[in-house]
Amino acid sequence: MTEEDILKIACTNSYRAIILQEDWLEIFQEEYNYFAHNPVRNLVDIEVVNTLLFYFNEIEDYEKCIKIRDYIKAREN
């Protein structure tokens, strides 16, 4: 597995945990349980969310970008 593969898995798992609000413990039980953030912490740093937005924009996964953008807007209100 390449570093790029690990990065994609980590960002996707963090996206699932933060944006889709999937249980990180269930994700952690999966074979590839990398995260781009510390899922144990209940407080999500906005910098992590911005990093996810940047990553998914770079790989042109715009559906995820829209959901991340909406998450950011909801947190601002």
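I looked up Cys65 and found it buried, at 8% relative accessibility; buried means under 20% relative accessible area, exposed over 50% and partly exposed in between, with a 1.4 Å probe and protein chains only. Cys11 is buried too, with a relative accessible area of 2%.

This is a predicted model, in which local features need pLDDT of at least 70 and side-chain atom pairs count only at pLDDT 80 or more, while totals for chains, interfaces and linings use all residues. Residues are numbered from 1 along each chain as its sequence is written, and side-chain values use heavy atoms, leaving out hydrogens and water.

Next I searched for disulfides (pairs of cysteine sulfur atoms within 2.5 Å). How many disulfides does the whole structure have? The search finds 0. Cys11 is in no disulfide, and the nearest cysteine sulfur, that of Cys65, is 11 Å away.

Then I turned to the largest nonpolar core, which has 14 residues. Such a core is a set of buried Ala, Val, Leu, Ile, Met, Phe, Trp, Tyr and Cys residues joined through side-chain atoms within 4.5 Å. Which elements give two or more residues to this core? They are α1 (3–18), α3 (46–58) and α4 (62–76); helices here are DSSP runs (H or I, at least four residues), numbered from the N terminus. I noted that α3 gives the most, with 5 residues.

Ile68 is among the residues with the most contacts inside the core. Leaving aside residues up to four places away in sequence, Ile68 touches Tyr15, Ile19, Val49, Leu52, Leu53 and Phe56, where contact means heavy atoms within 4.5 Å.
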